[in-house]
Amino acid sequence: MNVAIIGHQLSAWPLLQELQRASGAALAGCAISGPLLDQVAGRLPLRLTTAAEDALLQSELDTVVLALDDPEEILRLTRAAVQAERHVVVLLPLLTASPALVFELQLIADESRAAVIPVAGRWLLPDLPAAAMDLALPPADVRQLLLEMQFQGDSPESLAEATRTGLDVLSASGFPYSQVTCLDSAAPGGILLSRLITLGTQPEAELPLPPATLTLRPGPAAGGTLRAVYSTGEVREFQVGTADAAELLPRIRWYCEDRSRCQRWLDACSTTLELAEAAAKSLRRRRTVDVHFDAGTERSVFKSQMTAMGCGVLTWLLFSMVALLIAGQLLDLPDWFWQIARILWFTPVVLFLVAQFLLPLARDRSGPARLRR
């Protein structure tokens, strides 16, 4: 396996070290910059290229690793790499990755013979075998899932990584959760004490799922424990150790051997990012949110706004007419004043009727959200 690394994320540093140690794998020309280049300088012998396109054109290359933050650049280089029949490994950015990004990667993978593999979540757990995608949990017997994890550092990136990893471990149970509640507990100074994320289903669901709870706390070492509570009272534990770097090369090889494995992992990764996106939305709104929530098309939002405006216009007509009648009986004002008052009274109705003609012009943009190309 000949690998080229493109980007600046420090998340590629463990993979660089692994490639130096591994047998049967070699580093081709790399296009790295920023913090990653500073980390590598003087530690590893690398052949650097001036541009990402130069790294993709190497004849001996078969796998490209993208360690970038910009989703648009990730998609551009992924398309270029699969057109050159290179496998692509995407180290998903912590703050800018979204379900829309994975959706676009799925489309690219469907149109090519090469594998497109996003790296996140359970991929980074050293205790998980390369071929394992799900946890062996009998769904009929599980009553509750409890995951407690610690994360190092106080940066948004470390918290985002711990949140995404924890949610990915819970989604590895195979339960299709559809509701998320996220709450932060902070000290008076604003320092985060803990983050509590609860996964569940709608009350009217035909098949209620066992609730899952993720508790994140800052600590001296990353890692945690997943507890599955069964109806018999038995508790089964899974260690989630993230302190040591996971071996990524065996997993990359395993997924590259079969594109169907890659497709299943893309689906699983999309589910995790949907949960993470819903958790962020729940944190902002301070309430439980649905994972697959239709925020409304442009047409439906326009109709809702016009309905609210119509109610406002009717209220204005009623109260302003009463005010004009009362004023006409009590005040002796010139005729020009009453003419202006009648025009102002009826103007909102005219504007509302004109706005109704804009309704057919509102475009229906329903469908899955995509990144702007």
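This is a predicted model: local features need pLDDT of at least 70, side-chain atom pairs count only at pLDDT 80 or more; totals for chains, interfaces and linings use all residues.
Strand 7 and strand 10 run parallel and are joined by seven bridges.

Five of the seven residues of strand 10 are buried, so the strand is largely enclosed by the rest of the structure.

These strands are part of an open sheet of seven strands, whose order is 12-11-7-10-9-8-13 and whose pairing is mixed. Which strands stand at the edges? They are strand 12 and strand 13 (289-290), each of which has a single partner strand, so one side of each is left without a neighbour in the sheet. Strand 12 is joined to strand 11 by six bridges, and the two run antiparallel. Glu237 in strand 12 is the bridge partner of Arg227.

Ser194 is found in strand 9. Its relative accessibility is 16%, so Ser194 counts as buried, the cut-off being under 20%. Leaving aside neighbours within four places in sequence, Ser194 is in contact with Leu183, Asp184, Ser185, Leu216 and Arg217.

**Helix 6**

Helix 6 covers residues 156-171, which makes 16 residues. From its first C-alpha to its last it reaches 22 Å, close to the 22 Å expected at 1.5 Å a residue. Is helix 6 largely enclosed or largely open, and why? Twelve of its 16 residues are buried, so helix 6 is largely enclosed by the rest of the structure. The buried residues include Ser158, Leu159 and Ala162, as well as Thr163, Arg164 and Asp168. Among the elements that cover them are strand 7 (142-151), strand 9 (192-200), strand 10 (212-218) and helix 8 (259-285). Strand 11 (223-230) and strand 12 (235-240) are also part of that cover.

**Nonpolar cores**

The largest nonpolar core has 61 residues. Those that touch the most other members are Ile5, Ile6, Leu36, Leu66, Leu92, Ile117 and Trp123. Helix 8 gives the largest share of this core, six residues. Apart from this core lies another, of 30 residues, with Val142, Leu145, Leu199 and Leu216 among them.

Ile5 touches several residues beyond four places away in sequence, including Ala12, Leu16, Leu19, Leu27 and Cys30. Ala31, Ile32, Leu36 and Val65 are touched by Ile5 as well.

**Cysteines**

How many disulfides does the structure hold? The number is zero. Cys256 is in no disulfide, and the nearest cysteine sulfur, that of Cys262, is 7.5 Å away. Cys256 has a relative accessibility of 18% and so counts as buried. Cys30 is buried too, with a relative accessible area of 0%.

**Residues at loops and in helix 4**

Glu85 lies in the loop between helix 4 and strand 5 (87-91), and Arg286 lies in the loop between helix 8 and strand 13. Glu85 is not a glycine, yet its phi is positive, about 60°. Arg286, also a residue other than glycine, has a positive phi near 60°. Ala80 lies in helix 4 (residues 71-83). The C-alpha atoms of Ala80 and Glu53 are separated by 8.3 Å, although the two are 27 residues apart along the chain.

| Residue | Relative accessibility | Class |
|---|---|---|
| Ala80 | 30% | partly exposed |
| Glu85 | 54% | exposed |
| Arg286 | 72% | exposed |

**The chain as a whole**

The secondary structure of the protein chain comes to ten helices and 13 strands. Of its 373 residues, 42% count as buried. Among contacts in the chain with a separation of 6 or more, 73% are between residues 24 or more positions apart. The accessible surface of the protein chain is about 20100 Å², and 58% of that surface belongs to carbon and sulfur atoms.

Note on methods
Residues are numbered from 1 along each chain as its sequence is written. Side-chain values use heavy atoms; hydrogens and water are left out. Helices (H or I, at least four residues) and strands (E, at least two) are DSSP runs, numbered from the N terminus. The expected span of a helix is 1.5 Å times one less than its number of residues. Buried means under 20% relative accessible area, exposed over 50%, partly exposed in between (1.4 Å probe, protein chains only). Contact means heavy atoms within 4.5 Å. A nonpolar core is a set of buried Ala, Val, Leu, Ile, Met, Phe, Trp, Tyr and Cys residues joined through side-chain atoms within 4.5 Å. Two strands pair if DSSP finds at least two bridges between them. A disulfide is a pair of cysteine sulfur atoms within 2.5 Å. Accessible areas come from the Shrake-Rupley method with a 1.4 Å probe; for residues, only the protein chains shown count as cover.
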